[in-house]
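Please read them with the structure open beside you.

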Amino acid sequence: MKIRYSSSRGQAGITDLFVAIAIFIVLVTITTLTWDLYNARLESSIDYDTMVIKAYYIADTFVKSPGYPVNWESYSNPELTTSTIGLASSDRVLADAKVGTFASLSTTQYDAVRTVLRLSLYDYYFVLRDTNNTVIYSAGKIPQGKFAVNLARLAVYQNKPVIMEFAVWKP
Amino acid sequence: MEALMNNKKGLIFALDAALAVTVVVLMVINSTYYFSISSKGSLSHLQSTKLASDIVAVLDQGGTFANIVYDDSKNPPSNVFEITPAMLNLSTYLPANYQLWMSLSDVKETVIPAFAPVAGAPCFPAVPTTFYFANAEPLQREIKAMLQLNVTVINSGSVALSSINLGQITPFSVSQSGLYTLGPFKFLKGTNGVTIVLDPSFVPTGQPQNVCIHWFRILGTEEYAGSTNETMYIQDLFPKDRFIGSGERVIGVKKSGNFTDNPYEGTHLLRYRVWLKGGS
């Protein structure tokens, strides 16, 4: 009886250990998966927020500021001499020449413009349309990545209200 | 007992680990969830506020608010003023699912009813008289603000006005008709009007009073602001279950061919609130 008791004590201890290890492994697995899941969500959230902040900053500068230098559009190589691109002649009033130059540069010097806009990791797409949705200008690359942030701003162009859309997207 | 405890060691260890891991997982989920919710919420809310800001700026650039002020100045003075949708043409700019409320300061007036702009006729105010604020309500708090008067000088020569209940005012001269802005004055809590009188020492002997006051307003106050829906503001009917974006813009109203009597009419504070019509 004494021997049998000792033997059963050992078996109970081993079974208990296996159950404990099994539970521990399951919990560690759950923790790791949850951690990875939320880490991925957090990273994409930070990525999204960065894109939104950049898009807001650029769209705000476009409709409110003339840029720097103020007459950047009249330079021979504006993509090399401009530090800030702005499209406004005054608050929410877009200048014809600035919009035209920006649209043209976005076709011929896309990467240089992207650098000036501090969008090295992202791509952009710019559309200017009237209130009837007729496109006046479109420039940049059409969004086709996983994440895209598209902002619409109201402004005045050639004395008429227009909608300026600016999208920042990640390839 | 000791043997029993030895048997339970593994279980206790497992339960301990389970409890610890559960607590950690809950903390990670909570912190990540609230972190992502807080940043996403504030950024998406920014879009509606930007939209309202753009609309207000575009309307200002188009002279809409200057025209509203000008049209108001052409109409008889009134302590009622509402900005109607027709004045703003909002449907062109505002998406259908958004609601925009605006309030424009200094478009109401307290009318001085005995005004008679005829030389020789009794003109007001000859004796100290109190004129109540546009909303006829006492002030809920002490404010410091400018007092604007619309004065007509009938006879030539300078005259002076003084105020009784605003003790700090000194008589001021008026030599020609127009808007006079005085102050700033301290309006105590509970004040519900302004007492004004023509300074008798400036009335020529044997002459009729030669100055009339049409109306006055206290600049920049809610009492003299006109809005797109005054009931909504007074009764605080703004939605409580969703985000409301708000902002303000100073509107400068200048001559622009309309105000021929004054090259610069003044500044008006435009306040706005924007929200989504449905859902939270």
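1. In what order do the 6 strands of the open sheet in chain A stand? The model is a predicted one, and in it the order is 3-4-7-8-5-6, with mixed pairing. Strand 3 and strand 6 of chain A stand at the edges, and because each has a single partner strand, one side of each is left without a neighbour in the sheet. Helix 3 of chain A, residues 96-108, packs on this sheet and touches strand 4, strand 5, strand 6 and strand 7, and the direction of the helix makes about 40° with that of strand 6.

2. The overall composition of chain A comes to 4 helices and 8 strands, and from the N terminus on these elements run α-β-α-β-β-β-α-α-β-β-β-β. Among contacts between residues at least 6 apart in sequence, 57% join residues at least 24 apart.

3. The dimensions of the chain deserve a careful look, since a compact globule of 171 residues would have a radius of gyration near 16 Å, whereas chain A has 29 Å. Along its principal axes the C-alpha trace spans about 105 × 35 × 25 Å, and 29% of the 171 residues count as buried.

4. Strand 5 of chain A, residues 123-130, can be followed through both of its pairings. With strand 8 (residues 160-170) of chain A it pairs in the antiparallel sense over 8 bridges, and with strand 6 (residues 135-140) of chain A it pairs, also in the antiparallel sense, over 5 bridges. Leu128(A) takes part in both pairings: its bridge partner in strand 8 is Met164(A), while in strand 6 it stands opposite Tyr137(A). Phe126(A), for its part, stands opposite Ala139(A) in strand 6.

5. Arg92(A), although not a glycine, has a positive phi of about 65°, and its place is in the loop between strand 3 (88-90) and strand 4 (93-94) of chain A. Arg118(A), likewise not a glycine, has a positive phi of about 55° and lies in the loop between helix 4 (110-116) and strand 5 of chain A.

6. Are these two arginines, Arg92(A) and Arg118(A), buried or exposed? Arg92(A) has 24 C-beta neighbours inside 10 Å and therefore counts as buried, the cut-off for that class being 20 or more. Arg118(A) has 12 such neighbours inside 10 Å and so counts as exposed, a class that takes in residues with 12 or fewer.

7. Tyr68(A) and Pro69(A) are joined by a cis peptide bond, with omega of about -5°. Pro69(A) lies in the loop between strand 1 (67-68) and helix 2 (78-81) of chain A.

How values were computed. Residues are numbered from 1 along each chain as its sequence is written. Chains are lettered from A and ligands numbered from 1 in the order in which they are written. This is a predicted model: local features need pLDDT of at least 70, side-chain atom pairs count only at pLDDT 80 or more; totals for chains, interfaces and linings use all residues. Two strands pair if DSSP finds at least two bridges between them. Helices (H or I, at least four residues) and strands (E, at least two) are DSSP runs, numbered from the N terminus. The radius of gyration is taken over C-alpha atoms; the globule rule is 2.2 Å times the number of residues to the power 0.38. Two residues are in contact if their C-beta atoms, placed from the backbone, lie within 7 Å. Axes are lines fitted to C-alpha atoms, for helices over the stretch in contact, and angles run from 0 to 180 degrees between N-to-C directions.
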